[in-house]
Amino acid sequence: MGKVIATCISEIRGTQKKNVHTVKVVEGYGIENDAHGGSWHRQISLLSWDKIEAFRRKGAEVDDGAFGENLVVEGIDFRTLPIGTRFICNDVILELTQIGKECHHGCQIFQKMGECIMPSEGVFTKVIHGGTISEGDDLRILEYPLRCAVIVSSDSGYRGEREDKSGPLIEDMMKEAGYRVTKTIILPDDAGMLKEKMCEICDKGEADLILTSGGTGFSPRDIMPEVTKEISQREVPGIPEAMRAYSLKITGRAMLTRAAAGIREKTLIVNMPGSPKAVRECLEYILPHLKHGLEILLERTGECARK
């Protein structure tokens, strides 16, 4: 939970924002009388009070609104939150649309200090529901969307010789389930390329979940389980075991899948089949339980028992 320290506006673009203590937030626009309001994705800017205080300790003398921020909030590190995160303050609902911005080296803060924290620490939101925000109000995270990346392992798909249908199917199903799909990639059955991309996504925190498709069979080129196990820091055998057990009720050939699952950093990796039919069956089965596991992994909850 965060606390609003200042509410700032500037009626003319190019002028420093000033703390007006209370603002009216207009749905689809931004803050009333603020020059940066409008029908675009950067309607209201937010900056952490904690980051401003750290900057001040370096010797900077800056007033609230000096960085161009509309809301100064204590207790939330906005830079760590994913695009799509929603905040609520009284009746106001904001949705995070952009993290950081291009630095204009001509600003007075940069000229004096040699740096400016808004480009790296500031975030921007659009207004989902309007209302009033005042100093001292509580602002909290209303919704923190889970992020999913999809990786398809297919030599023929990578060369453009075969249309991949499993990747788009996974993407559609995850979006329908409320996940934000950050990327869908087709790669060849190449261990080096698969390892590099999967490690990059995990280590940079680009997704909370990676769903792979293909490369789990008996072909010499089917190496997805080996890659998954090699890069994982902890294995999660229960998920592929559950998918196999469920699929065996449909076809005996389910015993031939070598799918694996594991955790690297704060990202869960799950191997899915390459067949669109099998993808749908398996994903529909595990989806209701994935969210709870991810919330534990991301330390949003510590409760493991089903309520």
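Two strands are taken to pair if DSSP finds at least two bridges between them, and helices (H or I, at least four residues) and strands (E, at least two) are DSSP runs numbered from the N terminus. By these criteria, strand E5 and strand E6 (residues 71-74) pair in the parallel sense over 3 bridges, with Val72 in E6 as the bridge partner of Leu47. The structure is a predicted model, in which local features need pLDDT of at least 70 and side-chain atom pairs count only at pLDDT 80 or more, while totals for chains, interfaces and linings use all residues. Residues are numbered from 1 along each chain as its sequence is written, and side-chain values use heavy atoms, with hydrogens and water left out.

The protein contains 9 helices and 17 strands, and its C-alpha atoms fill a box of roughly 70 × 45 × 35 Å along the principal axes. Of the 307 residues, 47% are buried, where buried means under 20% relative accessible area, exposed over 50% and partly exposed in between (1.4 Å probe, protein chains only). Among contacts (heavy atoms within 4.5 Å) between residues at least 6 apart in sequence, 73% join residues at least 24 apart.

Strand E5 (residues 44-48) is mostly covered, 5 of its 5 residues being buried. In a regular strand the side chains alternate between the two faces of the sheet. In E5 both faces are covered, with Ile44, Leu46 and Ser48 buried on one side and Ser45 and Leu47 buried on the other. E5, helix H1 (residues 49-56) and E6 together make a right-handed β-α-β unit; the crossover is right-handed if, with the strands pointing away from the viewer, the path from the first strand over the helix to the second runs clockwise.

An open sheet of 6 strands is arranged in the order E13-E12-E14-E17-E16-E15, with mixed pairing. Strand E13 (180-187) and strand E15 (234-235) stand at its edges and each has a single partner strand, so one side of each is left without a neighbour in the sheet. Within this order, strand E14 (residues 209-213) and strand E17 (residues 267-272) run parallel and are joined by 5 bridges, Met272 in E17 being the bridge partner of Ser213.
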